[in-house]
Amino acid sequence: MPETTAPVTAAPSAPAGVVVAESATARGRRARIALRGLQVLLALFYGIASALPKLIAHPSAAESFEELGWGSAGMYTIGALELAGAVALLIPVLQSVAAMALGALMVGAFVVQITVMGGQYAATPLILIVPLALIAWARRRHNAELLRLLRLRG
């Protein structure tokens with residue numbers, strides 16, 4: 001089925017070459033590219049900046065988890081969950097679920113920051129929840145396909 005586009009017109013008072021309206025498909029394409037770029041940036045952040053220090057037991061991560069009383073087991077667990085979420089953000093059928101799971105981790109990180117760590121970095125998980133919620137909502141249609149695949153295996 002061919003895609004239909006809205007006509008591109010210039011207002012009579014607009015200077016030559018200025019586009020006043022654009023096609024819906026062009027807007028949609030740019031939105032999909034921007035969303036995909038956001039997913040890649042978040043995947044890089046979670047995979048490299050957040051998970052990697054935990055998985056290699058960087059002293060800064062190890063100290064934080066010792067302060068929490070979670071030790072290396074907690075540090076490696078959170079690092080593995082973040083790395084899994086980062087990878088899943090790049091897999092179409094898992095994108096929405098990954099964003100929701102990482103969002104849940106960020107809620108936990110916020111609570112820990114407020115209750116145990118003094119709240120110094122509490123804004124970071126809250127800021128990260130916003131793009132994760134956007135991805136979870138925008139990619140929500142993949143959830144039906146994921147459920148279908150899981151039912152086929154079960």
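Okay, let's start with Ala57, which is partly exposed, with a relative accessible area of 29%; on this scale buried is under 20%, exposed is over 50% and partly exposed is in between, using a 1.4 Å probe and protein chains only. Ala57 has a positive phi of about 55 degrees, although it is not a glycine. You'll find Ala57 in the loop between α1 (24-55) and α2.

Quick caveat: this is a predicted model, where local features need pLDDT of at least 70 and side-chain atom pairs count only at pLDDT 80 or more, while totals for chains, interfaces and linings use all residues. Residues are numbered from 1 along each chain as its sequence is written, and side-chain values use heavy atoms, with hydrogens and water left out.

Next, Glu66, in helix α2 (residues 59-68); helices here are DSSP runs of H or I, at least four residues, numbered from the N terminus. Glu66 is exposed, at 54% relative accessible area. Setting aside neighbours within four places in sequence, Glu66 is in contact with Gly71 and Ser72, contact meaning heavy atoms within 4.5 Å.

Now the helix pair. The axes of α4 (residues 95-115) and α5 (residues 123-138) come within 8 Å and cross at roughly 160 degrees. That makes α4 roughly antiparallel to α5, the word for angles over 145 degrees. Residues making the contact include Met100, Met106 and Phe110 of α4, and Leu128, Ile129 and Leu132 of α5. So what classes of residue does the contact of α4 with α5 have? There are 14 nonpolar, three polar and no charged residues; Gly counts as polar, and Asp, Glu, Lys and Arg as charged.

Conventions:
Axes are lines fitted to C-alpha atoms, for helices over the stretch in contact, and angles run from 0 to 180 degrees between N-to-C directions. Helices (H or I, at least four residues) and strands (E, at least two) are DSSP runs, numbered from the N terminus. Angles under 35 degrees count as roughly parallel, over 145 as roughly antiparallel, 65 to 115 as roughly perpendicular and the rest as oblique.
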